[in-house]
Amino acid sequence: MLKGSAKAHTNIALIKYWGKADEDLIIPMNNSLSLTLDAFYTETTVTFSEELAADIFYLDDVLQDEAGTTKISRFLDLVRKKADCPLFAEVKSYNHVPTAAGLASSASGLAALAAACNQALQLNLSDKDLSRLARRGSGSACRSIFPGFVEWQKGTSDETSFAEPVPSSGWEDELAMIFILINDQEKDVSSRDGMRRTVETSAFYPGWLQTTPQDLASAKIAIHAQDFNKLGAITESNALKMHGTTLAAVPPFTYWSPDSLKAMNAVKKIRATGLACYFTMDAGPNVKVLCQKKDVAKIEAELANYFEKEQLITAFSGPGITYL
């Protein structure tokens with residue numbers, strides 16, 4: 001019996017990953033840059049055993065059906081091939097983050113599974129190679145292997161597409177992100193389907209590909225200079241650009257809800273008072289507010305004028321993979 005357990009935290013992209021160049025290998029169309037956070041995480045235990053006749057997947061103690069287990073089994077097949085191991089596995093995963101609500105649950109989930117498999121089968125993967133493996137389960141999972149600021153190098157092959165830390169001299173410890181939970185229900189259009197539709201049909205997508213490398217370069221300069229306002233402005237602009245591409249898809253779609261717009265406008269009003277804060281959104285209606293740790297209490301108090309306190313969750317810079 002081969003067993004491993006690991007914990008991975010979510011990451012939120014400041015420069016977004018949107019679109020795949022290779023759907024099978026999950027190689028993205030552009031590099032991305034994220035911040036790993038401490039508030040949301042997944043803990044996963046995997047056990048490979050001769051006694052199992054098929055893979056079994058429990059999510060939050062609920063046995064998943066065949067459809068829910070298929071994605072996990074496909075990932076386990078990759079691991080079995082790498083380890084030359086024929087055994088089926090039982091996977092028990094606990095998501096301390098709402099699933100499929102645009103809060104990066106797949107990132108922490110597949111990163112934790114990759115690390116648990118690495119431990120169970122004694123693959124002894126380097127962080128870079130663990131990042132490559134996690135990518136095969138969920139693209140953004142490759143960034144959750146590392147703490148702090150992380151860049152995903154898009155690469156052109158399985159070997160060259162991986163994440164790596166972005167040097168920051170510990171500046172991430174001065175930052176925070178306030179999550180405005182607008183809806184934690186499963187979204188109508190999955191990230192996977194949304195990306196595919198955008199890449200194939202959106203008239204705005206070429207503009208996204210053309211300008212995102214400059215956004216990334218500017219964000220890295222801002223991190224190096226520890227220039228919060230510059231980083232925040234690029235983060236907000238890049239998120240709006242990504243969501244703009246979905247409006248020109250065929251048929252068009254959006255992840256925004258009326259409360260998403262309310263949250264974005266609230267952030268702009270708070271910023272106008274002199275409190276530095278900027279919003280970002282992923283493939284879901286929830287809004288994340290990037291700010292400085294020293295301003296969290298004031299910004300939370302201002303946001304409480306617009307949203308219930310239970311809707312506000314503050315996260316700080318988080319760790320990379322932890323083996324349990």
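Me: Let's start with helix H8. Which strands does H8 lie across?
Reply: In this predicted model, helix H8, residues 296-303, lies across E10, E11, E12 and E13. The helix runs at about 15° to E10.

Me: And helix H7, which strands does that one lie across?
Reply: H7 covers residues 258-272 and lies across E10, E11 and E12. Its direction is at about 160° to E11.

Me: OK, now the sheet itself. What is the strand order?
Reply: The order is E11-E12-E10-E13, four strands forming an open sheet with antiparallel pairing.

Me: Which strands stand at the edges?
Reply: Those are E11 (277-281) and E13 (312-316). Each has a single partner strand, so one side of each is left without a neighbour in the sheet. From one strand to the next, the twist averages 25°.

Me: How many bridges join E10 to E12?
Reply: Six bridges, between residues 175-180 of E10 and residues 287-292 of E12, with the two strands running antiparallel.

Me: Say I'm looking at Phe179. What is its bridge partner in E12?
Reply: Lys288 is the bridge partner of Phe179.

Me: Switching to aromatics. How many aromatic pairs are there?
Reply: The count comes to six aromatic pairs. One of them is Tyr17 with Trp152, an edge-to-face pair at 4.7 Å centre to centre with 65° between the planes.

Me: Where do Tyr17 and Trp152 sit in the chain?
Reply: Tyr17 is in the loop between strand E1 (2-15) and strand E2 (20-22), while Trp152 is in strand E8 (residues 149-153). They are 135 residues apart, so the pair links distant parts of the chain.

Me: Buried or exposed, for Tyr17?
Reply: Tyr17 counts as buried, at 10% relative accessibility. Trp152 counts as buried too, at 0% relative accessibility.

Me: What about Trp18, what kind of pair does Trp18 form with Tyr255?
Reply: That aromatic pair is edge-to-face as well, at 6.2 Å centre to centre with 85° between the planes. Trp18 is in the loop between E1 and E2, and Tyr255 is in the loop between helix H6 (228-247) and H7, 237 residues apart.

Me: And are those two buried or exposed?
Reply: Trp18 is buried, with a relative accessible area of 2%, and Tyr255 is buried, with 6%.

Me: Which residues do ring pairs link into a cluster?
Reply: The cluster is made of Trp18, Phe253 and Tyr255.

Me: Now charges over rings. Which ring does Lys262 sit over?
Reply: The charged end of Lys262 sits over the ring of Phe307, 4.7 Å from its centre. Elsewhere, Lys7 lies over the face of Tyr41, at 4.2 Å from the ring centre.

Me: Back to helices. At what angle do H1 and H2 cross?
Reply: The axes of H1 (residues 66-83) and H2 (residues 105-120) cross at roughly 35° and come within 11 Å. The crossing is right-handed.

Me: Which residues make that contact?
Reply: H1 brings Lys71, Ile72, Phe75, Leu76 and Val79, and H2 brings Ser106, Leu110, Leu113, Ala114 and Cys117.

Me: Last one: where is Pro86, and is Pro86 buried or exposed?
Reply: Pro86 is in the loop between H1 and strand E7 (88-96). Pro86 is exposed, with a relative accessible area of 70%.

Note on methods:
Residues numbered from 1 in each chain as written. Predicted model: local features only at pLDDT ≥ 70, side-chain atom pairs only at ≥ 80, totals over all residues. Heavy atoms only, no water. Pairing = 2+ DSSP bridges. Axes fitted to C-alpha atoms, helices over the stretch in contact; angles between N-to-C directions. Contact = heavy atoms within 4.5 Å. Phe/Tyr/Trp six-rings, centres within 6.5 Å; stacked < 30°, edge-to-face > 60°. Buried < 20%, exposed > 50% of the residue type's maximum accessible area, 1.4 Å probe, protein only. Lys NZ or Arg CZ within 6 Å of the ring centre and 35° of its normal. Left-handed = near helix turned anticlockwise from the far one by under 90°.
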